[in-house]
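I opened this entry to write down what I looked up, one topic at a time.

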Amino acid sequence: MQSTSGRSRVATAILKASKKNGELAKCGVMGRLGDLATIDPQYDVAVSTACGMLDHIVVQTTAGTQKCLEFLRKHNLGRASFCPLDKMKKGAHDRAVETPEGAPRLFDLINPGHISITPALYLAVGNTLVAPDLETATRWAYDFGKRWRVVTVDGKLIETSGTMSGGGKSVQKGKMKLNGKKGAAKVNPMVDSSPEDLQKIEEQAKEAQEELKSCRAKRRELTDEIRSLNKRIKTFSVKLPKLQMEIEGFDTTREELTKQLPSLREQSTLSAADEKKKEELTEKVEECKSEMASCVAATSKLEAAVAKLQKSIINAGGSKLKNQQKSCDKAKKDLNDANKELNSAKSTIVNSKKTIKKSERAKETAETDLQQSQDSLETMQEEHKELEDGAKEVMEAYEQVKKDEAEKRKALEGVSTECEKLKSAQQKLKCAEVELSAKIDTLDKQVKDSEKKCNHWKKEIEHLRRDERQEELDYDFSDDEDEDGDEKMQEETKDSDGEEDDAMDEEEDSESNKEEPKEEVKATEVKTSIGSSSLPKLAHASLEQYSSDSIKNDISVLEKERDSLAKNANMGAIAEYRKKEADYLLR
């Protein structure tokens with residue numbers, strides 16, 4: 001079992017600074033959240049696993065939290081997490097929550113040291129349930145319509161997102177103070193009291209918690225009653241319009257009957273003639289009743305006389321007459337019974353005949369149905385055979401189609417890979433084409449520039465040939481003379497390059513804003529005098545020994561050298577040197 005130390009170095013430093021005469025004494029630091037509440041030892045692992053905010057430091061105000069952060073920055077102690085109580089949501093922990101199967105919440109198992117930290121504890125654990133084993137935790141988490149966050153006693157945690165964590169040889173514990181441990185009673189750093197006062201406060205807190213639990217139970221019962229009453233209200237609200245409609249119908253019938261009452265009363269009142277008839281009839285009824293009474297008396301007398309005569313007849317006949325009378329009565333009774341049996345037999349015969357006819361009809365219909373069913377069975381068997389044959393063909397075709405599909409898929413995969421390769425090659429070719437087109441454009445521009453330069457230099461050569469055909473000079477090809485000639489040519493061609501650039505700018509209308517590089521001609525066989533500002537005069541024969549291609553190559557080489565020198569050279573120093581050299585020559 002892995003036991004955590006409870007406090008980190010940062011928390012220890014902050015709590016030390018929050019004591020009397022400390023730097024954070026007036027910041028309202030209450031302490032570490034895990035030290036401000038207690039829990040039963042059997043839930044130590046559960047609360048240490050499910051509550052990741054136990055190492056947060058509880059502060060009363062946001063301003064005090066900011067001062068704590070400044071304290072950490074000032075002393076370079078590291079990072080810490082804080083819970084400002086003035087920004088906590090109030091009342092969320094007092095709401096009634098219906099848990100699956102009445103499962104206990106971890107929040108209800110924690111005993112806060114002060115009522116003010118209750119929102120922070122609810123923020124830390126929420127509605128997390130505590131289960132005895134993983135099977136119960138899984139059932140509570142997933143099987144009740146709503147996802148619940150559940151932690152087991154041995155440290156397995158199921159989140160509302162469905163993830164489950166646990167396992168291993170070690171679990172987290174010791175992040176919260178336990179009930180019965182030394183120092184467990186002193187969880188409220190806001191009050192400096194004696195142990196007796198603290199014990200009384202704890203007893204009051206327990207009583208308040210019991211009252212709170214009873215109030216919550218009553219509230220749950222009341223909420224259940226409210227729900228049942230709401231259901232009844234809904235049913236009554238459904239029945240009420242029906243009853244109202246019935247009442248309206250009864251009202252309409254009552255109004256109709258009240259309208260009929262006067263006419264019925266008029267009809268029920270008797271006229272004078274009816275009264276006379278009524279009296280006459282009543283008199284007749286009375287007369288009939290008296291006559292009937294006299295008739296009844298006479299009939300009773302006659303019946304008594306008949307009974308006496310029958311008795312006297314029987315007594316006069318003796319025992320034989322009595323026996324004959326009994327046998328006669330018995331025969332009458334047997335005759336009546338036989339007649340009853342005969343009538344019942346006749347009725348049964350009639351009923352049996354009817355049932356026979358019905359059964360014959362049913363037999364005929366059954367035979368016809370049987371024939372039809374046999375015919376339909378034969379046709380269905382034939383159709384079944386045809387379907388089986390067709391199904392075999394379809395299955396064979398299906399298998400063949402599967403094979404063809406597999407082959408086509410393989411071919412498609414190969415073609416797709418080739419297509420991807422071709423696409424990549426095409427993309428590369430497109431990139432190369434773009435690069436080549438860009439290079440071609442640049443080369444076309446260079447060719448046009450070189451053609452313009454070539455025309456310009458041809459004109460210059462023709463001009464030189466016309467002007468300098470009569471003069472022939474001898475050239476010294478030594479290295480010293482070449483170097484002197486190169487330096488002199490570089491100095492003398494500056495002015496001529498400016499004139500050449502002006503001429504080229506006049507010829508090029510489309511590229512008037514571009515800067516043309518200065519052209520330098522390598523004249524290894526030119527001998528000029530110092531201070532001359534014109535180009536060297538060459539004879540026609542000496543010009544013929546040079547070709548335009550070689551001159552162009554020399555020009556390009558010199559341009560490259562010039563560019564490299566221009567990049568690496570310190571032009572300010574060179575200009576300074578030239579000024580000093582000019583001053584020296586003038587002296």
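**Packing around one leucine**

I began with Leu106 and listed its contacts, leaving out residues up to four places away in sequence: Leu106 touches Ile39, Ala46, Val47, Ala50, Val125, Thr128 and Val130. I note here that the model I am reading is a predicted one.

Next I looked up the largest nonpolar core, which has 31 residues. The residues with the most contacts inside this core are Ile39, Val47, Leu106, Ile110, Leu121 and Met176. I then asked which elements give two or more residues to the core. They are β3, α2, α4 (106–109) and α5 (118–125). The most comes from α5, with 5 residues.

I also found a second, separate core, made of 15 residues. Among them are Ala11, Val29, Val59 and Cys68.

**A sheet of three strands**

I turned to the strands and wrote down an open sheet of 3 strands, in the order β6-β3-β12, with mixed pairing.

I checked the pairing of strand β3, residues 37–39, with β12: the sense is parallel, over 2 bridges. In this region Thr38 stands opposite Lys177, a residue of β12.

**Charged pairs**

I searched the whole structure for salt bridges and got 12. As a general point, side chains of opposite charge can pair when their charged atoms come close.

I took Arg32 as one case. Arg32 forms a salt bridge with Asp35, and the closest N and O atoms are 2.9 Å apart. Are these two residues buried or exposed? Arg32 has a relative accessible area of 1%, so I wrote it down as buried. Asp35 is also under the 20% cut-off, with a relative accessible area of 13%, and is therefore buried.

Arg32 forms a salt bridge with Asp55 as well, again with the closest N and O atoms 2.9 Å apart. Arg32 lies in strand β2 (residues 29–32), while Asp55 lies in the loop between α2 (44–50) and β4 (57–59), so this pair ties together parts 23 residues apart in sequence. I looked up Asp55 too, and at 39% relative accessibility it counts as partly exposed.

I then went to helix α9, residues 319–467, for another case. The side chains of Arg409 and Glu405 meet in a salt bridge, at 2.8 Å from N to O. Arg409 and Glu405 are 4 residues apart in this helix, so about one helical turn separates them. Arg409 is exposed, with a relative accessible area of 53%, and Glu405 counts as partly exposed at 35%.

Last under this heading, I checked for shared partners.

**Confidence**

I closed with the confidence values. The chain has a mean pLDDT of 78, and 81% of its residues reach 70 or more. Where is the pLDDT below 50? One such stretch is residues 182–192, which has 22 contacts in the model beyond near neighbours in sequence. Another is residues 473–534, where pLDDT stays under 50 and the model has 70 contacts beyond four places in sequence.

Key: Residues are numbered from 1 along each chain as its sequence is written. This is a predicted model: local features need pLDDT of at least 70, side-chain atom pairs count only at pLDDT 80 or more; totals for chains, interfaces and linings use all residues. Side-chain values use heavy atoms; hydrogens and water are left out. Two strands pair if DSSP finds at least two bridges between them. A salt bridge is a side-chain nitrogen of Lys or Arg within 4 Å of a carboxyl oxygen of Asp or Glu. Buried means under 20% relative accessible area, exposed over 50%, partly exposed in between (1.4 Å probe, protein chains only). A nonpolar core is a set of buried Ala, Val, Leu, Ile, Met, Phe, Trp, Tyr and Cys residues joined through side-chain atoms within 4.5 Å. Contact means heavy atoms within 4.5 Å. pLDDT is the predictor's confidence in each residue, from 0 to 100.
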